[in-house]
Amino acid sequence: MGINLIDALFVFMLAAFIGFEVIRHVSPLLHTPLMSLTNALDAIAVVGAIVLVGEKKSTFATVLGVIAIIAATSNIVGGFLITDRMLRMFKTSRPAKPQATKP
Amino acid sequence: MPTEFAGSQYVIEVIYLVASALFILSLKWMSSPATARHGILAGEVGMVLAIGGTLLRHGIIDWTWIVIALVIGSGIGIPLGMVQMTAVPQRTALSHAFGALCVTLVGTAEFYLGTQNASKLGLSVLSLEVILGGLTFTGSLMAAGKLQEVLPQRPITYKGQNLVNFLLFAVAVVSAVYLVLHPEARQLFPVVVGVSLIIGVLLVIPIGGADMPTVISLLNSYAGLSAAAMGFVLNSKLLIIAGALDGSSGLILSVIMSKAMNRSFTNVLFGAFGQVQASAAAGEEAKPVRSATPEEAAAILAAANKVVIVPGYGMAVAQAQHKVRELYDLLTKKGVDVRFAIHPVAGRMPGHMNVLLAEADIPYDRLIEMEEINGDFPQTDVALIIGANDVTNPAARTDQSSPIFGMPILDVDKAHTVMVIKRGMSPGFAGIDNPLYYLDRTLMLFGDAKQFVGGIVRELGGGH
């Protein structure tokens, strides 16, 4: 299976432009959750590791693949989890804010 | 390409196509806090589809180890997703390291399986993948160590540092090129990987805390690009797209961060960041400053109409954000207009201050960016600076000899009264004296940020 470099480069170029355009519009407010989200999405590299482990071509490849899956999965789970936690904290100022817990 | 499973192969490719679209939507929805949580859902669905689709591939003969690894990875991921908000910068650096580790390991395995070794192109991209992955892995680990303070935060520099880094980089590239031209020289592959790992360490040790926002963004970009390179090697458009999105996201953030520090982007790219600014040893004479107690500070704040709070890394270190929220609540109840001025590089990663203040329940429409709020300082009664230093230094506007000259700053010195909560008179991270502290309108509030704000809060609460 060779590389179809030109096709791949087209895909890369288009995705990079979409990335630039989409991310330029992300408010600086959300730059930290943006980074944790892209981190989780980037862990899609796990599919490469899954194929490596599933095909069982050599013990060496399987061992490396297992570690790679663990690393990527922890990014997926941790990345989505923390992004969600952060976003839940962003609230706008409500007119009637319940002033509860005060020592 | 096998043809017998062409049908299911098509299904899998369509699943990948949907996942790619969901990833793009996910990022698009991140542009506003109102839609951002849809973005997470889109990303999660895309991820599950992609993993599910991959498991259906005909080449996969055994799921046992895949499932075990997925379970262990989730087990590690959950605590990493539950860390405190103050620990988010080091968590982010660590996840860049994990992402790069995955890419490097897969690249290494692919090399020894020999799937790409016949083609020069495949081997070139594979080399690029492991070089980027390797240096991102160790570089991110170093960054995480510095942020977690298990490694010294101060920049570690030595003579000829750039030359050493350049030579090592040359060794990695030359070995990779030789390997591509002579694939039988397999013993060179560990050299390429090993040297890349060393480069990662050396690139990050000279970097100090204040440069971390740029460095984390840059490592984010490298992690994305290495994943895209992996996509080229594995001929996976999904991976290329995800990697390109991550790479461009990191690149945009690096550019924003480097602009906010008045560094040229090439300066940042080639690792000249964190250069020691040794010039600041001059002003030894003790200039007089005015200081104030929490009681006095509380009285001034209570009398103000417009207050702008400028948070910095010091607030994060002192964990003062919840006390700051109490202060915000009390002042708001008294009818004072309180807003927060956020410098792009305040803290240790892009958006760091926003997350901390949001965690403390401060509404995000009170968090104002630098360009937007700078015009309002002349009409501001009190600018209260909590643990920020260089981003408020007026020398950046006026003093050509200052190492930070030209860096965009928050114009706090234009406010009627400036109050600075600070532990002592020691200069900021960059070792630069801040003339703001010697202005007539400036009051220094010496003490720990959390305790001092707590003191002001007690005073304000007691009076009411």
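How many of the five residues of strand S6 (residues 442–446) of chain B are buried? Four of them are, so that the strand is mostly covered, where buried means that 20 or more other C-beta atoms lie within 10 Å of the residue's own, exposed means 12 or fewer, and partly exposed covers what is in between, with C-beta atoms placed from the backbone.

Before moving on, note that this is a predicted model, in which local features need pLDDT of at least 70 and side-chain atom pairs count only at pLDDT 80 or more, while totals for chains, interfaces and linings use all residues. Residues are numbered from 1 along each chain as its sequence is written, and chains are lettered from A and ligands numbered from 1 in the order in which they are written.

**The strand pair in chain B**

To see one bridge, pick Ile421(B), whose partner in S6(B) is Leu445(B).

**The two domains of chain B**

Next, colour residues 6–269 as domain 1 and residues 290–462 as domain 2 of chain B, bounds that come from an automatic or database domain assignment. Their C-alpha centres lie 36 Å apart, and the contact between them takes 20 residues from domain 1 of chain B and 20 residues from domain 2 of chain B, two residues being in contact if their C-beta atoms, placed from the backbone, lie within 7 Å. On the domain 1 side, helix H4 (88–113), helix H8 (212–234) and helix H9 (237–260) of chain B each supply at least two residues. That side divides into 14 nonpolar, six polar and no charged residues, where Ala, Val, Leu, Ile, Met, Phe, Trp, Tyr, Cys and Pro count as nonpolar, Asp, Glu, Lys and Arg as charged, and the others, Gly among them, as polar.

**Helix H3 of chain B and chain A**

Now select helix H3 (residues 64–81) of chain B, whose 18 residues reach 26 Å from first C-alpha to last, close to the 26 Å expected at 1.5 Å a residue. Its buried residues include Ile66(B), Leu70(B) and Gly77(B), and, seen down the axis of H3(B), the buried residues fall within an arc of 100°, so they line one face of the helix. Thr64(B) and Val71(B), on the other side of H3(B), are exposed.

Chain A itself has four helices and zero strands, and buried residues make up 59% of its 103 residues. The contact between the chains takes 101 residues from chain B and 81 residues from chain A, with H4(B) giving the most to the chain B side, 16 residues.

**Two residues with positive phi**

Finish in the loops of chain B. Glu149(B), between helix H5 (120–147) and helix H6 (161–181), has a positive phi of about 65° although it is not a glycine; it is exposed, with 11 other C-beta atoms within 10 Å. Asp361(B), between helix H14 (352–359) and strand S3 (367–369), has a phi near 75° and counts as partly exposed, with 14 C-beta neighbours inside 10 Å.

Key:
The expected span of a helix is 1.5 Å times one less than its number of residues. The arc is that of the directions from the helix axis to the C-beta atoms. Two strands pair if DSSP finds at least two bridges between them.
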